[in-house]
Amino acid sequence: MMGGVVPPGWRDGLYHDSLLSGGVLGRVVDQSKHFYWVDDGNGPSQAKIAGRLLFKMGSESELPVVGDWVLLEHMPPPYHRIKSILPRYRKLSRKVVGKRTNEHVLVSNMDQILVAHSLDATFNIRRLERFVALATDTGCEVGVMLTKLDCCDYLDEVWLAITQSVSSIPLFKANPSTGWGVSSIQSWLRPHHTAVIIGASGVGKTTLINQLTHLNLAIGDVNQKHNKGLHTTTRRQLFQLPNHGGLIIDTPGIREIQLWDLAIGMDRAFSDILDYSTRCHFTNCRHDTEPGCAVQLAIQSGLLSPDRLAHFKKLQSEQQMQVERRQDRPTTIQPFLKKHKKGTNQRK
Ligand SMILES: Nc1nc2c(ncn2[C@@H]2O[C@H](COP(=O)(O)OP(=O)(O)O)[C@@H](O)[C@H]2O)c(=O)[nH]1
Ligand SMILES: [Mg+2]
Ligand SMILES: [Zn+2]
């Protein structure tokens with residue numbers, strides 16, 4: 001459809017041509033408090049949401065996020081106008097903390113997710129499983145980067161736990177500070193595709209991006225007492241990998257992952273348990289004390305750890321609670337419109 005310059009990560013065929021008329025195609029690559037940075041292939045420029053578009057929005061989750069494909073109306077400086085947002089084919093979201101269950105879209109339209117996890121004293125296999133489930137749920141290709149092996153006292157045990165629990169996913173051992181292991185991650189990242197790196201704070205996400213992009217973004221200093229990086233990355237931003245063509249989005253640490261639409265992710269993350277459960281005597285088996293439970297049998301014969309089953313049950317009930325909460329979600333327009341309407345380019 002287009003010759004010459006295209007926005008970062010664009011590939012022909014992502015959208016039907018009919019969706020691409022009526023504006024200049026661009027991609028949201030960064031956002032600040034009052035405007036967005038949109039790249040149409042000629043580098044990022046500042047843009048604001050057109051008043052008309054804003055008016056049509058029904059909830060906060062419809063606001064542009066990094067990764068979105070948009071149609072721009074070019075305007076004299078300082079701001080172009082975002083006329084529309086093309087439908088998101090993928091998104092990473094989490095539940096907004098609070099009384100009501102609201103969706104908070106973090107980034108969109110990514111192809112790969114790299115889950116970063118450190119093997120220092122903060123290592124937690126359940127947290128790793130949650131991140132992997134969240135990532136898998138998006139439909140993206142998922143990889144795991146394990147950092148800080150140099151800070152791990154029980155490497156053999158930890159490694160065994162990891163390979164047992166996330167066995168089907170490519171695992172990359174790396175030390176982003178020294179660059180060790182980074183080249184295999186670079187080969188896994190697909191040229192002209194968009195990857196997102198997620199994980200807790202201080203695990204080396206931004207350090208990896210610095211290695212991949214040869215940039216010098218501020219990273220968190222290790223707080224010796226807690227062995228955690230300080231929260232330095234405060235926003236999501238899309239970077240291009242030189243001599244590679246791939247794109248990667250940095251994210252701030254997701255401190256507590258709330259689960260959203262985890263049904264598919266659960267199935268994939270716990271496919272072993274689901275496999276066993278097909279052989280349970282009762283179809284509605286809760287894998288507790290029911291006779292003929294194949295899951296309990298797997299535990300007794302050492303094939304499955306009781307911890308893993310307990311974690312599976314916990315996630316399942318959290319998921320159930322969210323489904324119930326979502327059903328009584330209000331559909332009224334959120335007060336967010338007020339906040340964003342200020343300073344918008346309202347069409348006269
Ligand atoms: N010892 C050690 N430190 C690392 C490793 N990877 C990253 N770091 C350090 O961990 C700190 C936090 O890194 P940062 O990239 O800001 O983490 P982010 O919060 O995930 O973006 C920095 O001081 C890094 O130098 C590693 O493999 N080993
Ligand atoms: Mg960071
Ligand atoms: Zn059972």
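Which residue just after H5 takes a positive phi of about 60°? His214 does. The rest of this report sets that residue in its surroundings.

The model is predicted: local features need pLDDT of at least 70, side-chain atom pairs count only at pLDDT 80 or more, and totals for chains, interfaces and linings use all residues. Residues are numbered from 1 along each chain as its sequence is written, while chains are lettered from A and ligands numbered from 1 in the order in which they are written.

## Overview

The protein chain holds ten helices and 15 strands. Helices (H or I, at least four residues) and strands (E, at least two) are DSSP runs, numbered from the N terminus. Of its 348 residues, 36% count as buried. A residue is buried if 20 or more other C-beta atoms lie within 10 Å of its own, exposed if 12 or fewer, and partly exposed in between, with C-beta atoms placed from the backbone. Two residues are in contact if their C-beta atoms, placed from the backbone, lie within 7 Å. Among contacts between residues at least 6 apart in sequence, 65% join residues at least 24 apart.

## Hairpins

Two strands pair if DSSP finds at least two bridges between them. Strand E1 (residues 24–31) pairs with strand E2 (residues 36–39) in the antiparallel sense, over four bridges. Here Asp30 stands opposite Trp37 in E2. The two strands form a hairpin with four residues between them.

E2 also pairs with strand E3 (residues 44–49), antiparallel and over four bridges. Asp39 has Pro44 in E3 as its bridge partner. This hairpin has four residues between the strands, and Gly41 in it takes a positive phi near 115°.

E14 and E15 pair in the antiparallel sense over four bridges. Gln240 has Leu247 in E15 as its bridge partner. Six residues lie between the strands of this hairpin. Asn243, in the turn, has a positive phi of about 60°. Asn243 is exposed, with 7 other C-beta atoms within 10 Å.

Helix H2 (residues 125–137) has 13 residues. From its first C-alpha to its last it reaches 18 Å, close to the 18 Å expected at 1.5 Å a residue. The expected span is 1.5 Å times one less than the number of residues. H2 is mostly covered, with ten of its 13 residues buried. Among them are Leu128, Phe131, Val132 and Leu134. Gly139 follows H2 and has a positive phi, near 90°.

Why is helix H5 (residues 205–213) largely enclosed by the rest of the structure? Eight of its nine residues are buried, so the rest of the structure largely encloses H5. The buried residues include Thr206, Leu208, Ile209 and Leu212. Their cover includes strand E8 (112–118), strand E9 (141–147) and helix H4 (182–188).

## The core

A nonpolar core is a set of buried Ala, Val, Leu, Ile, Met, Phe, Trp, Tyr and Cys residues joined through C-beta atoms within 7 Å. The largest one has 67 residues, and Val115 and Val132 have the most contacts inside it. H2 gives the most to this core, with six residues. In soluble globular proteins, nonpolar side chains tend to be buried together.

Leaving aside neighbours within four places in sequence, Val132 is in contact with Val115, Val142, Val144, Val166, Ile169 and Ala269. Val144 is found in strand E9. Under the same exclusion of neighbours within four places, the contacts of Val144 include Val115, His117, Val132 and Phe172. Val144 and His117 are 27 residues apart in sequence, yet 7.4 Å apart in space, C-alpha to C-alpha.

## Loops

Ala50 lies in the loop between E3 and helix H1 (51–56). The C-alpha atoms of Ala50 and Leu72 are separated by 9.2 Å, with the two residues 22 apart along the chain. Pro78 sits in the loop between strand E4 (69–73) and strand E5 (80–85). The peptide bond from Pro77 to Pro78 is cis, with omega near 10°. His287 is in the loop between helix H7 (271–277) and helix H8 (294–300). It is not a glycine, but its phi is positive, about 55°.

| Residue | Other C-beta atoms within 10 Å |
|---|---|
| Ala50 | 23 C-beta atoms within 10 Å |
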